[in-house]
Amino acid sequence: MAQTTRIAVTPGDGIGPEVVGEAIRCLETLRTKHNLNLEWDQFPWPSHAWHQEHGESMPEDALAQLKAYDAILLGALGDPGPLNDPDRYLLTDSVSLAPLLEMRKGFDQWVCERPARLLPGARQYLADERAKDIDMLVIRENSEGEYVSQGGRLRKGTEDEIATQMEVFTRKATNRIIRYGFEQARARAADRSTEGRIREFRTLNGNTCESQVCLITKRNALRYWGDMYTEAFEEISKEYPDVATHHELVDAACMKFVQVPWAFDVVVASNLQGDILTDLAAVLSGGMGVAPSCNLNPTDPDMPSMFEPTHGSAPDIAGQGLADPTAMLFTAARMLEWFGRKDPVMATAGKELFGAVAADLAENAGARRGTQEIGEAICQRLSA
């Protein structure tokens with residue numbers, strides 16, 4: 001029998017508990033249907049409520065507790081809402097979101113993957129019909145770069161205040177994220193081939209490949225890490241002659257994400273630039289309400305990866321039962337597929353959950369439904 005897979009469930013703030021609740025319902029349905037060797041425990045932290053009671057977002061030994069699990073399923077962090085409560089306990093973003101950075105760095109979750117594929121039923125924000133062919137994977141370096149929290153503030157609060165924020169890039173982290181991008185490009189091309197969805201990307205010498213990796217930098221202004229990324233990209237690309245390569249400056253990439261998003265396959269970017277690009281990609285694929293996200297450690301099986309929807313805590317609708325759990329359910333599907341590296345039955349369950357959520361999205365395009373109504377409909381599909 002496969003070893004028990006354990007999930008640490010951290011619902012968090014705002015709509016987090018609502019959408020996580022529907023994910024748990026679907027996981028329970030799949031566990032029963034496929035006899036999955038899957039367990040989970042729920043934690044009241046990190047959250048505003050925990051901070052209000054204990055003066056910290058999570059306990060000092062939080063990472064030690066979470067390390068015992070195979071994955072973390074996170075709802076959302078931030079303003080807990082509701083917005084009509086002016087006396088609600090409210091933390092600054094730097095405090096409420098700090099646990100995210102602590103978990104990503106503490107567990108060396110060096111890959112942030114955010115797929116952007118426009119599925120039937122999702123809202124199409126671009127008028128161009130070719131937008132229906134959007135299908136990209138944005139891979140964000142998640143361990144260093146602009147988010148290393150190195151710096152400080154001198155003479156705080158005075159007119160002479162100085163704030164410094166240091167960026168740190170290493171060749172090791174650069175190499176591994178770029179190589180991971182090429183590996184994912186190959187894997188995506190293989191999956192498309194089995195599905196009969198061949199795509200073609202032109203190389204610099206005029207040939208065509210079935211996959212592509214686009215590197216994003218700002219090397220014209222941020223030359224040191226930009227040049228290092230470029231040199232590493234050129235060197236590693238020689239190992240993947242079957243994958244087309246491309247480079248964009250981040251400002252041009254934002255423009256082309258809107259102009260020709262269907263031209264991208266796999267995109268590799270730094271921590272901050274990838275953070276911005278993935279939100280844009282989420283909108284192109286239907287909006288934050290359908291966009292999954294995962295923070296992965298592909299190299300250390302003893303470290304948990306973390307799965308969270310791209311959206312935030314949505315304080316404007318928190319507690320009203322209006323939150324769309326679609327992004328959370330797509331995220332849970334990716335978590336199960338991640339578990340499939342060790343247990344193929346998990347991968348099957350993940351694909352089934354993805355299919356059920358996608359079918360529900362296509363069938364109910366534009367319909368206004370409550371959180372539990374959507375969750376119930378998907379559970380019924382899974383049980384059929």
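I start with a polar contact of 3.1 Å between the side chains of N297 and T299. By polar contact I mean a pair of N or O atoms within 3.5 Å; within protein, one must be able to donate a hydrogen and the other to accept it, and residues adjacent in sequence count only if both atoms are side-chain atoms. Before going on, the basis: this is a predicted model, where local features need pLDDT of at least 70 and side-chain atom pairs count only at pLDDT 80 or more, while totals for chains, interfaces and linings use all residues. Residues are numbered from 1 along each chain as its sequence is written, and side-chain values use heavy atoms, with hydrogens and water left out.

Back to N297. Its side chain also reaches the backbone nitrogen of D300, at 3.0 Å. N297 sits in the loop between β13 (292–296) and β14 (305–309). Helices (H or I, at least four residues) and strands (E, at least two) are DSSP runs, numbered from the N terminus. Is N297 buried or exposed? N297 is buried, because its relative accessibility is 3%; buried means under 20% relative accessible area, exposed over 50%, and partly exposed in between, with a 1.4 Å probe and protein chains only. Leaving out neighbours within four places in sequence, N297 has contacts (heavy atoms within 4.5 Å) with F107, D108, Q109, W110, M303, S305 and W338.

Next, the sheet. Ten strands form an open sheet with mixed pairing, in the order β2-β1-β3-β14-β13-β4-β5-β12-β10-β11. Two strands pair if DSSP finds at least two bridges between them. The edge strands, each pairing on one side only, are β2 and β11 (244–249). From one strand to the next the twist averages 20 degrees. At one end of that order, β1 and β2 run parallel and are joined by five bridges. T5 has L38 in β2 as its bridge partner.

Helix α9 (residues 271–284) lies across β4 (111–117), β5, β10 (212–217) and β12 (266–269), and runs at about 155 degrees to β5. For these angles, axes are lines fitted to C-alpha atoms, for helices over the stretch in contact, and angles run from 0 to 180 degrees between N-to-C directions.

Last, the charged pairs. A salt bridge here is a side-chain nitrogen of Lys or Arg within 4 Å of a carboxyl oxygen of Asp or Glu, and the count comes to 27. One of them joins R6 and D41, at 3.4 Å from N to O. That pair links R6 in strand β1 (residues 5–12) with D41 in strand β2 (residues 38–42), 35 residues apart. R6 is partly exposed at 27% relative accessibility, and D41 is partly exposed at 34%.

Another salt bridge joins D135 and R197, at 3.1 Å. D135 is in strand β5 (residues 135–141) and R197 in the loop between α6 (171–195) and β8 (201–202), 62 residues apart. What is the accessibility of D135? D135 is buried, at 8%, whereas R197 is partly exposed at 27%. Both belong to a network of salt bridges that also links R188, R192, E195, R199 and D265.

Finally, R153 forms a salt bridge with E161, with the closest N and O atoms 2.5 Å apart. R153 is exposed, at 51%, and E161 is partly exposed, at 27%.
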